[in-house]
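Have the structure open as you read.

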Amino acid sequence: MRLQSQLWLLFSGLFLIVGFTVYMFVSTMYEQRIKEGYEQLSMTQGASILDQLKSTYPHSQNRSIGYLRRYSEQLEIRLIMLDDDNTVYADSFQQLEEGTALNLAILNKNNFSGSYFTETDSFGYVQYTLIPFETIHRDGSLLMIQEANELYGELTTFRSWMVQTLMIALIFFFVISYFVSNWFTRPIRQIISRMKKITPHTRAFSMKYRSRDEIKELIDATQNMVEELNRYDERQRRFLSTSSHELKTPLTTMQFIIENLPYVRENQELHHEFLQDLTFQVKKMKEMVGQLLQINRIWDQKLQRELINSEDIQEYLLQSFQQISLEKGITIVFELEQIEFVVDRALFLHGIENLLSNAIRYSAEEKTVIVRIKRNNDQMKISVCDHGIGISSEDLPHIFEPFYRSNDATAWNQEGTGLGLAIVKQMVELHKGTIQIDTVQNEGTCFHLILPDS
Ligand SMILES: Nc1ncnc2c1ncn2[C@@H]1O[C@H](COP(=O)(O)OP(=O)(O)OP(=O)(O)O)[C@@H](O)[C@H]1O
Ligand SMILES: [Mg+2]
């Protein structure tokens, strides 16, 4: 069911419940008030009749009957005087014999004084009013019986008036709530229609909305999502064109070498140099394709989290870099706090490997590289610091982009695809961590990875 219809039904349902409650409350109150009015009238009439009757009770029954008949005709009420044991003493209609015991609900209530309304088969609604009295001789009570159809007629008229009013209000509210729910859901329908217009070719979303509410948040979030998608698309496109361009460069070189190889066959030295170049380009391409595959695979694979400690990291890095650090005379210093944490072991070690490889690659010979691991509350901080060429402020915003290599780096070291830090960034993002960099050109660089312990 559409949201608009749901809201419409909800509003109308709520109104129906509220309307019914109001109806019940008002009609009950009205019934009570009107009954109280009838009761008060009967009690006043009864009290003035009793003033006369008390003088004749219990010694002059005939006079009592006379009085009762007179009042009964005047007021159109049947009046019955009862003895203290609730038996008839005198009846204005002279139908009940003296001493007749009456079986009425009102008489069964102890010390009751007031009116009681009930529906009877022969007279319709009837009002019974009982007023106890005392004389110096004996106690008794006056029972007044009168028709109350008029009262119930009044009540029925009032109730039907109320039902009619509520029905008109309900219809009115039904119409109003239709427009209100329509007005409420309009922005959502607009959002949907604009979203439906988004295609791979026209990926744009904009909508004017003034209030600062959840709808505004939804519009902003959708706008951000579309922009993010566009940025992602742009990044993908750039990544693809850069990748193909980067792959084309060694391919062109290889093509050139292969085409010219037959012509240098006589020249042993040149021939050897050509073959070495060819091997270098193949190696570089293989590395590049490997890294590219990894970058694409990382996002799809699920993190295999497991426990790792500082010593594991040290052992792995020593194994991987012993040879190259010896060749370059670089000293790797480990400053480790003995800590354990949970990460995707392979991914994490590959990231740190990339950082240490950079630190060694972009440092001069005989320099020192420091790997520091420590715990900061429930985060762990891994720092890889070198005394190398540093990174200029122009290069710094780009170093995590795939294939980005600074001119300094290319001049310093021909090797490298420019994909290492892109992998590091992916790894850190997957672990919900952050990267900080301190760098001074020609002095050195520190990469700090801050990962939450999970
Ligand atoms: N420790 C460092 N000192 C100086 N420059 C650095 C350092 N680490 C990274 N850079 C700069 O960032 C660029 C990107 O680094 P990245 O590791 O992504 O690629 P790369 O080292 O050139 O190639 P590879 O993909 O083989 O790692 C480098 O080319 C270099 O310009
Ligand atoms: Mg690198």
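How are H1 and H2 oriented to each other, roughly parallel or roughly antiparallel? Before the answer, some ground rules: this is a predicted model, where local features need pLDDT of at least 70, side-chain atom pairs count only at pLDDT 80 or more, and totals for chains, interfaces and linings use all residues. Residues are numbered from 1 along each chain as its sequence is written, while chains are lettered from A and ligands numbered from 1 in the order in which they are written.

The axes of H1 and H2 cross at roughly 155 degrees and come within 10 Å, so the two helices are roughly antiparallel. Here axes are lines fitted to C-alpha atoms, for helices over the stretch in contact, and angles run from 0 to 180 degrees between N-to-C directions. Angles under 35 degrees count as roughly parallel, over 145 as roughly antiparallel, 65 to 115 as roughly perpendicular and the rest as oblique. Helices (H or I, at least four residues) and strands (E, at least two) are DSSP runs, numbered from the N terminus.

On the H1 side the contact uses Gln-45, Ile-49, Gln-52 and Leu-53, and on the H2 side Ser-64, Tyr-67, Tyr-71 and Leu-75 (contact means C-beta atoms, placed from the backbone, within 7 Å). That contact splits into five nonpolar, three polar and no charged residues. For these classes, Ala, Val, Leu, Ile, Met, Phe, Trp, Tyr, Cys and Pro are nonpolar, Asp, Glu, Lys and Arg are charged, and the others, Gly among them, are polar.

Most residues other than glycine have a negative phi, and most peptide bonds are trans. Tyr-57 and Pro-58, though, are joined by a cis peptide bond, with omega about 5 degrees. Pro-58 sits in the loop between H1 (3–53) and H2 (61–75). Glu-76 has a positive phi, near 55 degrees, and lies in the loop between H2 and strand S1 (78–83).

## Domains and the next helix pairs

The chain is divided into domain 1 (3–155), domain 2 (197–300) and domain 3 (302–452), with bounds from an automatic or database domain assignment. The C-alpha centres of domain 1 and domain 3 are 98 Å apart.

H4 (residues 214–260) and H5 (residues 268–300) pack at about 160 degrees, axes 9 Å apart, and are therefore roughly antiparallel. Their crossing is left-handed. H6 (residues 310–328) and H7 (residues 345–361), by contrast, cross at roughly 25 degrees with axes within 11 Å, so they are roughly parallel. H6 passes H7 in a right-handed crossing, and their contact has nine nonpolar, two polar and two charged residues.

## Around the ligand

Which residues come nearest to ligand 1? Of the 24 around it, they are Ser-406, Ala-409, Gly-416, Gly-420 and Leu-421 (a residue is near if its C-beta atom, placed from the backbone, lies within 6 Å). H7 turns up again here: H7 and H9 (420–430) each supply at least two residues of the shell. By class, the shell has ten nonpolar, eleven polar and three charged residues.

Note on methods: Left-handed = near helix turned anticlockwise from the far one by under 90°. Contact = placed C-beta atoms within 7 Å.
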